[in-house]
Amino acid sequence: MMKKELVIVLDFGGQYNQLVARRVRECNVYCEIYSYKTDLEKIKAMNPKGIILTGGPNSCYEADSPTYSKELFELGIPVLGLCYGAQLMMHMLGGKVEKADAREYGKTEVIIDKTDSKIFEGVSPKTICWMSHFDYISKVAPGFEITSHTENCPCASAENVAENLYAIQFHPEVLHTQEGTKMLYNFVRNICGCAGDWRMDSFVEDQIKAIREKVGDGKVLCALSGGVDSSVAAVLLSKAIGNQLTCVFVDHGLLRKNEGDEVEAVFGPEGPYELNFIRVNAQERYYSKLKGVTEPEAKRKIIGEEFIRVFEEEAKKIGAVDFLVQGTIYPDVVESGLGGESAVIKSHHNVGGLPDHVDFKEIIEPLRDLFKDEVRKAGLELGIPENLVFRQPFPGPGLGIRIIGEVTADKVRIVQDADAIYREEIAKAGLDREIGQYFAALTNMRSVGVMGDERTYDYAIALRAVNTIDFMTAESAQIPYEVLNKVMSRIINEVRGVNRVMYDLTSKPPGTIEFE
Ligand SMILES: Nc1ncnc2c1ncn2[C@@H]1O[C@H](COP(=O)(O)OP(=O)(O)OP(=O)(O)O)[C@@H](O)[C@H]1O
Ligand SMILES: O=c1[nH]c(=O)c2[nH+]cn([C@@H]3O[C@H](COP(=O)(O)O)[C@@H](O)[C@H]3O)c2[nH]1
Ligand SMILES: NC(=O)CC[C@H](N)C(=O)O
Ligand SMILES: [Mg+2]
């Protein structure tokens, strides 16, 4: 078998490390991320075609900052340092890095000095790049030449062609760097010489192989929500291990209207997949655990823990189940505060919301490194129908995080009915494939209204709709006013307990997509 081409990303704690990996994969080159604490011997043994050092929050000239063996730069393997990685390369090889008088942050014009640099092939001589640094390279290391600069920064990039070493102060992986993808392409394809023969089908094949090796003839339980991620995970697992797999779908009473039956229709015995499928109706159990709880993180943790307890009980019934599979994807990991140095935004039930003790030998998450759109590609690769692959995401904690404050059966009914109307009207207007994610939420606010000459004192529904590529950032969608108006009027007329409807205009950041 032909050996797969690999580029290694060495993680120094930057915020955009997964984006680096993703951009490399977009160049059809396989890529894996390793911590800067990984041994050089281990890196060498993987025989990478290139190595990328990421950004990071530290200053390389301080004593305890992350560093690496200098031998890395002497292997003859092309190395590209980004931001902290660039500074570290200069610092270790005899250049100088210092604190700048002013920090450079955001979109910045970079002027290319060496237009025939391989990194800048096809890039305009003046190009907008994303900067995010306090420190700067005040002197390049011997053997390096400066290849670009900005108004405030004398060295925006440098290279030592003879040694195959490249340093970039800005962040080519961020889409705000207009020609960044081109630069990374130039590095992996032209400088590292990768042929670019990696495709999503290789990802699928590799995962199937890895799962078979790990699981052997053991039994596996897959947490299946019917959403995009776990459906892709379930089909992948089923291809890998067939009958050893049982899928468990939990109806926690926080699903959208009719969703339980819809999921059962697709994955149950009547559907097209040959899966061992179990539906657990756990409504009462969730409502009683959530009674009186209002704090968002507390709600998330309770829902997350109950999921696991249900899975454990089902596993006991099957007997001797060692593995639990979840459809965790990369944004779940980052937001739960586990993506390197990044802060906790909210504990996704399947990551940061997991209880301390879990009764499975191992949790398998085959999609953990992928972004949503990459998961969709894998789904299509697996032959999953488009209407499933392009479903809008629905969070595991469900309506639990779309009902602000305490969850009750009556509030669930209100938000389910309002949401169903909203979805119906969006579909009628032909907008359902256009908008990334849209839903109704129940604010915990009641206000005074007048209906049929009577005073009302009822809840306000918030409508949300966002467009996004990777769900890490998002903008509110521009829905035609007539559509919003129709939704408002139907909700007020058809859903008892609501007398006001609002549209949430907030982008992410500063908002998040869900309300809790
Ligand atoms: N009701 C549920 N029953 C069983 N497992 C669930 C349920 N809800 C969520 N999960 C598990 O938690 C994981 C994360 O949920 P999440 O909503 O992010 O993914 P998804 O439902 O698979 O896809 P999507 O993001 O498209 O909704 C799922 O992949 C699945 O493994
Ligand atoms: O399975 C999930 N478990 C969770 O705990 C969770 N929280 C948010 N989401 C989904 O993630 C995306 C980003 O949402 P936020 O901007 O609200 O963090 C959006 O698509 C959200 O629907 C979740 N999915
Ligand atoms: N984004 C980065 O990698 C920053 C590197 C370094 N901490 C600086 O401020 O210059
Ligand atoms: Mg979901």
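A residue is taken to surround a ligand, or to be near a molecule or strand, if one of its heavy atoms lies within 4 Å of it. The structure described here is a predicted model, in which local features need pLDDT of at least 70 and side-chain atom pairs count only at pLDDT 80 or more, while totals for chains, interfaces and linings use all residues. Residues are numbered from 1 along each chain as its sequence is written, chains are lettered from A and ligands numbered from 1 in the order in which they are written, and side-chain values use heavy atoms, with hydrogens and water left out.

Ligand 1 is surrounded by 22 residues. The closest are Ala-223, Ser-225, Ser-230, Lys-372 and Phe-394. Several polar contacts are listed here, a polar contact being a pair of N or O atoms within 3.5 Å; within protein, one atom must be able to donate a hydrogen and the other to accept it, and residues adjacent in sequence count only if both atoms are side-chain atoms. A polar backbone atom of Ala-223 is 2.6 Å from an oxygen atom of ligand 1. For Ser-230, a backbone N or O atom lies 2.5 Å from an oxygen atom of the ligand. A nitrogen atom of ligand 1 is 2.8 Å from a polar backbone atom of Val-250. On its own, ligand 1 has 590 Å² of accessible area, and the protein covers 96% of it. Accessible areas come from the Shrake-Rupley method with a 1.4 Å probe; for residues, only the protein chains shown count as cover.

Ligand 3 has its own shell. The residues around it are Gly-55, Gly-56, Pro-57, Asn-58, Cys-83, Tyr-84, Gln-87, Ser-132, His-133, Phe-134, Asp-135 and His-171. They divide into 4 nonpolar, 7 polar and 1 charged. In this division Ala, Val, Leu, Ile, Met, Phe, Trp, Tyr, Cys and Pro count as nonpolar, Asp, Glu, Lys and Arg as charged, and the others, Gly among them, as polar. Helix H3 (84-92) and strand E6 (126-139) each supply at least two residues of the shell. Strand E6 gives the most, with 4 residues. Helices (H or I, at least four residues) and strands (E, at least two) are DSSP runs, numbered from the N terminus. A backbone N or O atom of Gly-56 lies 2.8 Å from an oxygen atom of ligand 3. The corresponding distance from Ser-132 to a nitrogen atom of ligand 3 is 3.0 Å. A polar backbone atom of Asp-135 is 2.9 Å from an oxygen atom of the ligand. Taken alone, ligand 3 exposes 300 Å², and the protein buries 91% of that.

The protein chain contains 14 helices and 18 strands. The C-alpha trace spans about 80 × 60 × 40 Å along its principal axes. Of the 516 residues, 57% count as buried. Buried means under 20% relative accessible area, exposed over 50%, and partly exposed in between (1.4 Å probe, protein chains only). Contact means heavy atoms within 4.5 Å. Among contacts between residues at least 6 apart in sequence, 73% join residues at least 24 apart.

Helix H1 (residues 17-26) has 9 of its 10 residues buried, so it is largely enclosed by the rest of the structure. Arg-22, Arg-23 and Arg-25 are among the buried residues of H1. Just after H1, Asn-28 takes a positive phi of about 60°.

Ser-59 is found between strand E3 (50-53) and strand E4 (79-82). Ser-59 is buried, at a relative accessible area of 9%. Leaving out residues up to four places away in sequence, Ser-59 touches Ser-65, Tyr-84, Lys-99 and Asp-135. Glu-179 lies in the loop between strand E9 (165-168) and helix H4 (180-191). Glu-179 is buried too, with a value of 12%. Its side chain makes a polar contact of 2.8 Å with that of Ser-124. Arg-368, in the loop between strand E14 (362-364) and helix H11 (372-381), is partly exposed, with a relative accessible area of 31%. A polar contact of 2.4 Å joins the side chains of Arg-368 and Glu-365.
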